Structures are given as C-alpha cells and as structure tokens.
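Reader: I would like to go through this model term by term. Please set each label against its rule.

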Amino acid sequence: MAEAAKPPDFWSWLGAAISLVLGLWLLIAGLRTLPLARGDLLVADHVGPISYGTPLMRVSSGRSGSTTYRTQDLWLVAISDNRQINYQQLYRPARGLWVDGIDRLDSGQQVRFLVDPDRQLVYEATSRGKTFLAYEATAETLTSGAHRSMLFGFALLASVAWHLWPLALRHWRGRQGTGAAMP
C-alpha cells in the first residue's frame with residue numbers, strides 16, 4: 001500500500017508565512033484599537049440643537065456576507081489643551097453605540113463631547129448632568145473588539161509556531177546530517 005504523499009514544504013512555509021503576516025496584522029490592529037485614557041481625549045463643546053446624520057454602515061464579514069448597522073455623523077470642533085482649534089470634523093460613536101437623546105436638546109443647551117480626533121471617535125457626551133453616551137460603554141466596546149482581534153492574532157501566531165516547529169526541526173536535522181557526512 002502506497003503511503004499518502006506529504007505536501008511539499010514550500011506550501012507549508014507559504015501557509016505559515018501568510019498566517020504569520022495575518023497574525024501580526026491582527027495583533028497590531030487590536031493594540032491600535034484599545035481605548036484612550038479619558039485624560040488623552042479632547043473636549044468638543046456644542047450648543048444645541050445639533051444637526052446630525054444617521055448613515056447605514058456596511059461591514060464585510062468574510063464568507064457570511066456583510067452586516068449593517070446605523071451610526072451617527074456628528075460635525076464637531078475639538079479644542080486641544082494648548083487651545084489650538086481643530087477644524088470641524090466628522091465624529092462617530094464606536095460601532096454599535098449611539099448618542100442617545102441628542103435629538104431632544106433644548107435650544108442653547110450645551111453638550112460636552114469627549115473625542116479622539118485621530119480616529120474621529122466620540123467617547124462620551126454629557127449635558128446638564130445627563131449622560132447621552134458613557135465613556136465606560138465606549139471603552140468596553142473598544143476593549144472587547146481589541147481583545148478579540150488580539151486573541152485571533154495570537155492564535156494564528158501559535159498555529160504558525162505549531163506548524164513550523166516540525167518543519168524547522170526536520171530542516172535542522174537534515175543540515176546536521178549532511179554536515180556530519182562530509183569529511
């Protein structure tokens with residue numbers, strides 16, 4: 001009975017290289033999506049009423065197709081600590097979150113937003129002691145997504161190590177064997 005042919009090492013190395021790159025990318029993406037500390041956010045004050053849009057976002061989900069969710073487009077001006085005024089920029093809450101009650105602001109009511117201008121993300125919205133979007137909810141959502149991405153990245157890196165170890169050991173033993181045979 002003939003033994004089943006093993007796939008050539010080339011395909012194993014190629015699959016490991018792809019998994020390595022994808023694992024590192026997921027790990028770095030997860031680290032970059034961790035939430036900022038509250039003190040690192042900028043303040044964007046706005047006086048109500050506020051105009052906003054509610055676009056439908058479509059996210060590709062791989063083989064299962066795509067998913068959609070509604071978000072809010074808020075045009076805000078964030079002010080940094082050194083009082084440099086950033087230009088008006090489009091901000092959105094984290095995926096799946098909503099600045100609730102923003103459509104019921106009184107005329108002249110001031111709303112304080114905590115935003116990340118680099119990622120154009122709204123972390124918190126408060127007014128008159130009422131919280132429309134809590135920092136903790138945003139941080140929890142971002143942390144959950146980051147941990148999920150990092151977990152998949154670590155799993156891919158572990159699978160690379162698991163599959164490359166026998167290949168590297170066989171390659172190393174082969175080199176040792178050819179080196180010992182030479183006079």
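Reader: What does the confidence come to in the protein chain?

Author: pLDDT is the predictor's confidence in each residue, from 0 to 100. The protein chain averages 84, and 86% of the residues score at least 70. Confidence is highest in S8, at 95, and lowest in strand S3 (residues 56–60), at a mean of 80. Where pLDDT is low, the predicted coordinates should not be read in detail.

Reader: How do you know which elements to count in the protein chain?

Author: Helices are DSSP runs of H or I with at least four residues; strands are runs of E with at least two; both are numbered from the N terminus. On that rule the protein chain has two helices and nine strands. Their order from the N terminus is α-β-β-β-β-β-β-β-β-β-α.

Reader: Why are S2 and S5 called paired?

Author: Two strands pair if DSSP finds at least two bridges between them. Strand S2 (residues 52–53) and S5 are joined by two bridges and run antiparallel. Therefore they qualify as a pair. Gly-53 has Asp-73 in S5 as its bridge partner.

Reader: How many bridges link S5 and S6?

Author: Three bridges, in the antiparallel sense, link S5 to strand S6 (residues 89–93). Leu-74 stands opposite Tyr-91 in S6.

Reader: Why is Ser-149 called buried?

Author: Buried means under 20% relative accessible area, exposed over 50%, and partly exposed in between (1.4 Å probe, protein chains only). Ser-149 has 15%, so it is buried. This residue is found in helix H2. Of the 183 residues in the protein chain, 27% are buried.

Reader: What does Ser-149 contact beyond its neighbours in sequence?

Author: Contact means heavy atoms within 4.5 Å. Leaving aside neighbours within four places, Ser-149 is in contact with Leu-26, Leu-27, Ala-29 and Gly-30. Ala-29 lies in helix H1 (residues 9–32).

Reader: What makes the 26 residues a nonpolar core?

Author: A nonpolar core is a set of buried Ala, Val, Leu, Ile, Met, Phe, Trp, Tyr and Cys residues joined through side-chain atoms within 4.5 Å. The largest such set has 26 residues, and Leu-74, Leu-76, Val-99, Phe-113, Val-115 and Val-122 have the most contacts inside it. Strand S1 (42–47), strand S5 (73–76), S7, S8, S9 and helix H2 (135–181) each supply at least two residues of this core. Val-99 touches residues including Leu-74, Phe-113, Val-122 and Phe-132. In soluble globular proteins, nonpolar side chains tend to be buried together.

Reader: Why are Tyr-123 and Tyr-135 called stacked?

Author: Rings of Phe, Tyr and Trp (its six-membered ring) pair if their centres lie within 6.5 Å; planes under 30 degrees apart count as stacked, over 60 as edge-to-face and the rest as tilted. The count by this rule is one aromatic pair. Tyr-123 and Tyr-135 are 5.7 Å centre to centre, with 20 degrees between the planes, so they are stacked. Tyr-123 lies in strand S8 and Tyr-135 in helix H2, so the pair ties together parts twelve residues apart in sequence. Both tyrosines, Tyr-123 and Tyr-135, are buried.

Reader: Is Arg-128 buried or exposed?

Author: Its relative accessible area is 61%, so Arg-128 is exposed. Gln-120, at 34%, counts as partly exposed.

Conventions:
Residues are numbered from 1 along each chain as its sequence is written. Side-chain values use heavy atoms; hydrogens and water are left out.
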